[in-house]
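Open the model in your viewer and keep the sequence panel beside it. This tour tells you what to select at each stop.

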Amino acid sequence: MAMCLSHSRTEKGTIAGLRLRWSFAMVVWLVVSLLCAMPCDVFARPPSKCRLGNQSDYVAIASASVSEDMRKDLRLRVLIDALDDVDVVFRGQLARRWYLSDVLETDSPKILEVYDNVTVLKGSLPQTAKDRKAYIIRERICDGGCWLNALPEVFDGRDEPEVTVLAMTNSLSGEVRDRRSNRVIYTGRVDALAGPCDPRMINGDAVARLIASPGEVDRLRRAYPPRSDEEKQRDEDLIIRRVIGAH
């Protein structure tokens with residue numbers, strides 16, 4: 001009888017422990033989801049197609065076999081993807097930035113950025129070749145109430161360091177329209193449309209090296225082929241099991 005009671009208590013304790021771990025995992029997931037939805041500088045980021053963070057496309061990041069040298073290669077590998085996504089790459093100093101849209105009326109404001117001392121690394125900017133200026137239209141699409149706190153600051157000055165900008169060939173028909181109201185908000189010069197990656201996240205020196213070294217690009221493509229969806233799903237399952245098992 002005593003043995004039966006002991007076995008029953010052990011079984012109940014095991015079940016209770018599993019329930020506690022599962023509850024903890026669900027709480028962690030809920031907290032992360034809520035934080036990602038918060039309208040603050042850190043978490044309320046607009047959705048982006050910039051692939052600079054997608055290292056898991058090429059290796060299991062949680063793997064103990066990933067060396068520091070491999071991580072350096074991976075940062076270059078995802079940078080190659082970002083370069084593949086754009087037509088134009090240039091270096092320059094941000095001289096001025098201002099909103100074309102009324103930020104109180106739209107959650108997808110368009111912004112005009114003007115760069116000085118521009119050097120084109122990839123693609124062609126005919127007007128820029130004449131005066132070394134680049135006029136770029138950037139659109140910040142917010143994913144739920146980010147408003148001003150997730151938008152770039154208005155800038156007017158020439159003290160910014162040189163940055164590398166990934167951009168797309170201008171496809172606008174001579175005028176810039178507000179996404180929500182569809183009214184014309186700008187009819188001046190536009191050399192290109194800003195790509196999805198924030199220039200502050202771009203390693204300019206690495207971009208220049210990759211563009212000048214097609215052999216290195218080929219090596220990285222061969223060394224790190226894209227992983228399958230099944231492999232990436234196994235990574236996610238492993239992380240969940242680790243979280244549940246640790247508590």
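**Stop 1: two loop residues**

Start by selecting Arg132, which is found in the loop between helix H3 (126-131) and strand E3 (134-139). Keep in mind that this is a predicted model. Phi of Arg132 is near 60 degrees, a positive value in a residue other than glycine. Most residues other than glycine have a negative phi.

Now go to Asn182. Asn182 sits in the loop between strand E6 (176-177) and strand E7 (184-186). Its phi is positive too, at about 65 degrees, although Asn182 is not a glycine. With a relative accessibility of 47%, Asn182 counts as partly exposed.

**Stop 2: helix H4**

Select residues 204-212, which form helix H4. Color Gly204, Ala206, Val207 and Leu210: these are buried. Look down the axis of H4. The buried residues fall within an arc of 160 degrees, so they line one face of the helix. An α-helix has 3.6 residues a turn, so residues three or four places apart point the same way.

Which exposed residues does the face of H4 turned away from its buried side carry? Find Arg209 and Ala212 there.

Next, show what the buried residues of H4 pack against. The partners are helix H2 (68-84), strand E1 (88-99), strand E2 (110-122), strand E5 (162-169) and helix H5 (214-223).

**Stop 3: where H4 meets H5**

Two packed helices are described by the angle between their axes and the distance between the axes. The axes of H4 and H5 come within 5 Å and cross at roughly 95 degrees. That makes H4 roughly perpendicular to H5. Show the side chains at the contact. H4 contributes Leu210, Ile211 and Ala212. From H5 come Pro214, Glu216, Val217 and Leu220.

**Stop 4: helix H2**

Move to H2 and check its span. At 1.5 Å a residue, the 17 residues of H2 should span 24 Å. The end C-alpha atoms of H2 are 25 Å apart, which agrees.

Color the buried residues of H2 next. They are Asp73, Leu74, Leu76, Arg77, Val78, Leu79, Ile80, Asp81, Ala82 and Leu83. These residues pack against E1, E2, E5, H4 and H5.

Keep H5 in view with H2. At what angle do the axes of H2 and H5 cross? They cross at roughly 110 degrees and come within 10 Å. That makes H2 roughly perpendicular to H5. On the H2 side, pick out Asp73, Leu76, Arg77, Ile80 and Asp84. They meet Glu216, Val217, Arg219, Leu220 and Arg221 in H5.

**Stop 5: Arg227**

For the last stop, select Arg227. Its place is in the loop between H5 and helix H6 (229-245). Arg227 is buried, with a relative accessible area of 16%.

Which backbone oxygen lies 3.0 Å from a polar atom of the side chain of Arg227? It is the backbone oxygen of Ser56.

Finally, show the surroundings. Leaving aside its neighbours within four places in sequence, Arg227 is in contact with Ser56, Asp57, Tyr58, Val59, Ala60, Lys232 and Asp235.

Note on methods. Residues numbered from 1 in each chain as written. Predicted model: local features only at pLDDT ≥ 70, side-chain atom pairs only at ≥ 80, totals over all residues. Heavy atoms only, no water. Buried < 20%, exposed > 50% of the residue type's maximum accessible area, 1.4 Å probe, protein only. Helix = DSSP H or I, 4+ residues; strand = E, 2+ residues; numbered from the N terminus. Arc of directions from axis to C-beta. Contact = heavy atoms within 4.5 Å. Expected span 1.5 Å × (residues − 1). Axes fitted to C-alpha atoms, helices over the stretch in contact; angles between N-to-C directions. Parallel < 35°, antiparallel > 145°, perpendicular 65-115°, else oblique. Polar contact = N/O pair within 3.5 Å; in protein donor to acceptor, adjacent residues only side chain to side chain.
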